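Please keep the sequence and the 3D view side by side while reading.

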Amino acid sequence: NPALAAGLILASVIALRRLLLREAPKLQPLFPLDLLRTMSVRLSVIASVCCFAAQSAGLLALPFLLHQELHLTPLTSGLYVTVWPLSVAVAAMIAGGLSDRIPTAWLCAAGGAILSAGLTGAGLLAQANQPLALLPFLALAGVGFGLLVSYHIDVIVPAIERLLHAQLLPSNVYLIDRLPSEPQRGDIVML
């Protein structure tokens, strides 16, 4: 029911606004919006959200496309899907070294463009009924996302570390490398 969906979305927006207004004066708010006042962090968060959403949507839809539309076996579908995360890993290792020599904002822009090109190519070829033609585009999407990850690590993680060091984030927020040996219920882990 579209009216119910619209009502639920409106109610969630109102609830989020009330929560943000309630948390704003606190020293340790639930949502540290003060991070978003810094332009580089704000752009990084927006780019990350968009690219993570694109990556997630692509990886979620891909197995269904391969299995149901292109009639590949589950094993073959799994092998096709594996190309994407492997190319992310390789590109992230390369981007880590490049981020010392090339501005990370350029790497992020290039990564977003490459991810977009890979997803667009895969989307256009999806109906061609030629699964092998998808592989270069899946690898391209993975390379783009791998480049984007370097920006996330170089901008967002240091900002979170500064806030944690200054004790401006709640005490139950941890970066993955500082996770306590026995996490408690309600702990928030940031990758």
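Is G144 buried or exposed? G144 is buried, with a relative accessible area of 0%, where buried means under 20% relative accessible area, exposed means over 50%, and partly exposed lies in between, computed with a 1.4 Å probe and protein chains only.

## Basis of the model

This is a predicted model, in which local features need pLDDT of at least 70 and side-chain atom pairs count only at pLDDT 80 or more, whereas totals for chains, interfaces and linings use all residues. Residues are numbered from 1 along each chain as its sequence is written, and side-chain values use heavy atoms, with hydrogens and water left out.

## Overall layout

The chain has 5 helices and 2 strands, and these follow one another along the sequence in the pattern α-α-α-α-α-β-β. Helices (H or I, at least four residues) and strands (E, at least two) are DSSP runs, numbered from the N terminus.

Of the 191 residues of the chain, 30% count as buried. The accessible surface comes to about 12,000 Å², and 69% of that surface belongs to carbon and sulfur atoms; such areas come from the Shrake-Rupley method with a 1.4 Å probe, and for residues only the protein chains shown count as cover. Taking contact to mean heavy atoms within 4.5 Å, 61% of the contacts between residues at least 6 apart in sequence join residues that are at least 24 apart.

## Helix α3 and its buried residues

Helix α3 covers residues 74-98, which is 25 residues, and it reaches 36 Å from its first C-alpha to its last, close to the 36 Å expected at 1.5 Å a residue. The expected span of a helix is 1.5 Å times one less than its number of residues. The buried residues of α3 are S77, Y80, V81, W84, S87, V88, A91 and A95.

S77, which is buried with a relative accessible area of 6%, touches L66, H67 and L72. S87 counts as buried at 10% relative accessibility, and S87 touches L138, A139, G142 and V143.

## G144 in helix α5

G144, the residue of the opening question, lies in helix α5. With neighbours within four places in sequence left aside, G144 is in contact with G111, G112, I114 and L115. The C-alpha atoms of G144 and S87 are separated by 8.9 Å, although the two residues are 57 residues apart along the chain.

## The largest nonpolar core

In soluble globular proteins, nonpolar side chains tend to be buried together. A nonpolar core is here a set of buried Ala, Val, Leu, Ile, Met, Phe, Trp, Tyr and Cys residues joined through side-chain atoms within 4.5 Å. The largest such core holds 20 residues, of which L62, L66, W84 and L134 touch the most other members. The elements that give two or more residues to this core are α2, α3, α4 (104-125) and α5, and the largest share, 6 residues, comes from α5.

What does W84 contact, if neighbours within four places in sequence are left aside? W84 is in contact with Q55, G58, L59, L62, L115, L119, L138, A141 and G142.

## An aromatic pair

Rings of Phe, Tyr and Trp (its six-membered ring) pair if their centres lie within 6.5 Å, and planes under 30 degrees apart count as stacked, over 60 as edge-to-face and the rest as tilted. By this rule there is 1 aromatic pair. The ring centres of F52 and F145 are 4.9 Å apart and their planes stand at 80°, so the pair is edge-to-face. Because F52 lies in helix α2 (residues 39-69) and F145 in helix α5 (residues 131-165), the pair ties together parts that are 93 residues apart in sequence. F52 counts as partly exposed at 35% relative accessibility, whereas F145 is buried, with a relative accessible area of 6%.

## A salt-bridge network

Side chains of opposite charge can pair when their charged atoms come close. A salt bridge is a side-chain nitrogen of Lys or Arg within 4 Å of a carboxyl oxygen of Asp or Glu, and the count by this rule is 2 salt bridges. E23 pairs with R22 (3.1 Å, N to O), and K26 pairs with E23 (3.0 Å, N to O). Salt bridges that share partners join R22, E23 and K26 into one network.
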